[in-house]
Amino acid sequence: MTYVTEPAGPRTLPVLKAKDFKSDQQVRWCPGCGDYAILAAVQDLLPQLGIRREDTVFVSGIGCSSRFPYYMNTYGFHSIHGRAPAIATGLAASRPDLSVWVITGDGDALSIGGNHLIHALRRNVNLNILLFNNRIYGLTKGQFSPTSEAGKITKSTPLGSLDRPFNPVSLALGAEATFVARAVDSDRAHLQDVLRAAAAHDGASFVEIYQNCNIFNDNAYAPLKDPATRDDVTLRLEHGRPIASRAFAVRAGARGGIEVVPRDSVAEDEILVHDTRHEDPSHAFMLSRLDQPAFAHVPVGIFRAVERPSYGRLMADQIHRAVAEEGPGELAELLASGHTWLVPERTASA
């Protein structure tokens, strides 16, 4: 490892490489799992962000994806089922100098952890939340998950799932998340572009990553991965550019909505131009509904990226105002303030 000096001052920053972010732990996922591709993409990206390993933290819940902190040579916290956003919220709020990442899955984040996820997003806590979505419970051996399609045959639904699945991007947008994106595990360059933008965002960043589970739900995203079809079905979302693929285009539809039509059926000026910075999330939400049926056309990229004060910044400002107006407080006085009482000691006869 070598060091360079920042032009602005004497402080030295390490020049890191991907290997510096790899821990000494053996990576234990099933051979061929999409988690390997995501791990490699993150380890390769982090040195480019110019953030010290000591200032980086990965917090996970429970599931295959939640082994992630063990494989990162940073600080990490393998927490409990569904609670990673809550634990990461406390860390990010108390240590705004840290780069805090939440690693979760469709079962961990959208089932028992759904409540924690939506509140972290609506509060705009300065977190980078990566949701690995393989549409199945992998760690517990193949039960249907909150994102499994209706009619899914699994060990827990032998006659087919009756549940209507969550759309994670729609859920995040409904919670007013300020940064919402989708990427695919095998498209490394695009995944890193999305994660780089998420890391630069001040506030809650939510990235759904389509991740293949080749053991219990193989080829769940086959149309997006097959070289023969991926350029047809993938609607690339880039700010200021028309929303279209090789085969399809998005245009304004009836009753204020949008619709997907054959690319050769519309003129270029009819194709909807993407705007990630629109304060109203309605446009982004409509785009999030275009991935049905059966991934015939799927928006991939950044849906929304708007500026809003993060929870940590608002909290710090509030504390500073209170200190300026009231002065520093005393914890002992606070605990003894208001209505207090003494509990009498119990005697032997009592």
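Which residue in β8 is the bridge partner of Leu 130? I looked it up, and the partner is Val 207. For my own notes: strands (E, at least two residues) and helices (H or I, at least four) are DSSP runs, numbered from the N terminus.

**Before going on**

I am working with a predicted model, where local features need pLDDT of at least 70, side-chain atom pairs count only at pLDDT 80 or more, and totals for chains, interfaces and linings use all residues. Residues are numbered from 1 along each chain as its sequence is written, and side-chain values use heavy atoms, with hydrogens and water left out.

**The whole protein**

I found eleven helices and twelve strands. The C-alpha atoms fill a box of roughly 85 × 60 × 50 Å along the principal axes. I then checked burial and saw that 44% of the 350 residues count as buried. Here buried means under 20% relative accessible area, exposed means over 50%, and partly exposed is in between (1.4 Å probe, protein chains only). Next I looked at contacts, meaning heavy atoms within 4.5 Å. Among those between residues at least 6 apart in sequence, 64% join residues at least 24 apart.

**The sheet**

I traced an open sheet of eight strands with mixed pairing, in the order β4-β3-β5-β6-β8-β7-β12-β9. β4 (75-78) and β9 (234-237) stand at the edges with a single partner strand each, so one side of each has no neighbour in the sheet. The twist averages 20° from one strand to the next. A reminder to myself: strands of a sheet pair through backbone hydrogen bonds, either parallel or antiparallel. Two strands count as paired if DSSP finds at least two bridges between them.

Back to my opening pair of strands: β6 (residues 128-133) and β8 (residues 205-210) run parallel, and six bridges join them.

**Helices across the strands**

I followed helix α2 (residues 84-94) across β3 (56-60), β4 and β5 (99-105), and it runs at about 180° to β5. Helix α6 (residues 188-200) lies across β5, β6, β7 (179-184), β8, β9 and β12 (298-305), at about 160° to β7. Such angles run from 0 to 180 degrees between N-to-C directions, with axes fitted as lines to C-alpha atoms, for helices over the stretch in contact.

**Two residues in one loop**

I found Ser 148 in the loop between β6 and α5 (168-174). Ser 148 counts as buried because its relative accessibility is 1%. Leaving out residues up to four places away in sequence, Ser 148 touches Arg 135, Ile 136 and Pro 165. Its C-alpha atom is 8.3 Å from that of Asp 163, 15 residues away along the chain.

Lys 152 lies in the loop between β6 and α5 too. Is Lys 152 buried or exposed? It is buried, with a relative accessible area of 13%. Beyond its neighbours within four places, Lys 152 is in contact with Ile 136, Thr 157, Gly 160, Ser 161 and Asn 217.

**Two positive phi values**

Most residues other than glycine have a negative phi, which made me look for exceptions. Asn 124 has a positive phi near 60°; it sits in the loop between α4 (114-123) and β6 and is buried, at 2% relative accessible area. Arg 255 has a positive phi near 55° and sits in the loop between β10 (248-252) and β11 (258-262). Arg 255 is exposed, with a relative accessible area of 89%.
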